[in-house]
Amino acid sequence: MVDDSGTILSGYAHHLAEHQLLTKGVALSALQEARRGGESYIEYLIKQQLLSDYQVAESAAQYFGLPLCDVAAFDLKLVPTEYLGIQLVKKKQGLPLFKKGNLLYVGVIDPTIEHLYEIKFLTGCDARLLIMQSSKLDAVISELLSNYLL
């Protein structure tokens, strides 16, 4: 998709404009600002409140082909606490929700964040990503970390 200035809009930003969640101009501007600020596009959209965190989660799940899940649907007593110390959790970017065999199901806000590949190295498990709403995941991680650290 080409905007009025001739700039090509692609990827997730194109998806948002194509589905009329953002105008082409806003989508492109947000993408440029996120890059300039050194943060992910999804993180930028949420911080700047250009879309609700639910709209971001729903559209990201659709675009990346990942399941959209409500963290409230999971029994947090089953969260594998041995993984709460990893950077992904400490930075509130993701939460290992449960383990089944050699698969670790991880709730994330942004499937494009760097270092997701480290999950296998740190846990010995292959990761399966589930998209979650930012505000809900953040609240659950904060609660779990405060209980875990006490």
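I count a residue as buried when its relative accessible area is under 20%, as exposed when over 50%, and as partly exposed in between (1.4 Å probe, protein chains only).

**Entry 1: ground rules**

I am working on a predicted model, where local features need pLDDT of at least 70, side-chain atom pairs count only at pLDDT 80 or more, and totals for chains, interfaces and linings use all residues. Residues are numbered from 1 along each chain as its sequence is written, and side-chain values use heavy atoms, with hydrogens and water left out.

**Entry 2: the whole protein**

I looked up the secondary structure. The protein has 7 helices and 3 strands. Both are DSSP runs numbered from the N terminus: helices are H or I with at least four residues, strands are E with at least two. Along the sequence I read the pattern α-α-α-α-α-β-β-α-β-α.

Next I checked the dimensions. The C-alpha trace spans about 50 × 25 × 25 Å along its principal axes.

I then asked about the surface. Of the 150 residues, 41% count as buried. The accessible surface comes to about 8400 Å², and 52% of that belongs to carbon and sulfur atoms. These areas come from the Shrake-Rupley method with a 1.4 Å probe; for residues, only the protein chains shown count as cover.

Last, I checked contacts, meaning heavy atoms within 4.5 Å. Among contacts between residues at least 6 apart in sequence, 48% join residues at least 24 apart.

**Entry 3: helix 1**

Which residues of helix 1 (residues 11-18) are buried? I found Tyr12, Ala13, His15, Leu16 and Ala17. Their cover includes helix 2, helix 3 and helix 4 (53-64). I noted the general rule: an α-helix has 3.6 residues a turn, so residues three or four places apart point the same way.

Most residues other than glycine have a negative phi. I looked for exceptions. Glutamine 20 sits in the loop between helix 1 and helix 2. Is glutamine 20 buried or exposed? It counts as exposed, because its relative accessibility is 72%.

Glutamine 49 has a phi near 55°, again positive in a residue other than glycine. I found glutamine 49 in the loop between helix 3 and helix 4. Glutamine 49 is exposed, with a relative accessible area of 68%.

**Entry 4: serine 40**

I placed serine 40 in the loop between helix 2 (24-37) and helix 3 (41-47). Serine 40 counts as buried because its relative accessibility is 17%. What does serine 40 contact, leaving aside neighbours within four places in sequence? I found Ala34, Asp110 and Thr112.

**Entry 5: valine 71**

Valine 71 lies in the loop between helix 4 and helix 5 (87-90). With a relative accessible area of 4%, valine 71 is buried. Not counting residues up to four places away in sequence, valine 71 touches Leu97, Met132, Lys136, Leu137 and Val140. I checked one of these pairs. Valine 71 and methionine 132 are 61 residues apart in sequence and 6.7 Å apart in space, C-alpha to C-alpha.

**Entry 6: glutamine 93**

Glutamine 93 is in the loop between helix 5 and strand 1 (94-100). I recorded glutamine 93 as partly exposed, because its relative accessibility is 25%. Leaving aside neighbours within four places in sequence, glutamine 93 contacts Leu88, Gly107, Val108, Ile109 and Ile113. From glutamine 93 to isoleucine 141 I count 48 residues in sequence and 9.1 Å in space, C-alpha to C-alpha.

**Entry 7: the cysteines**

How many disulfides does the structure hold? I found 0 disulfides. Cysteine 69 is in no disulfide; the nearest cysteine sulfur belongs to cysteine 125, 18 Å away. That is too far for a bond, as a disulfide is a pair of cysteine sulfur atoms within 2.5 Å. Cysteine 125 is buried, at a relative accessible area of 1%.
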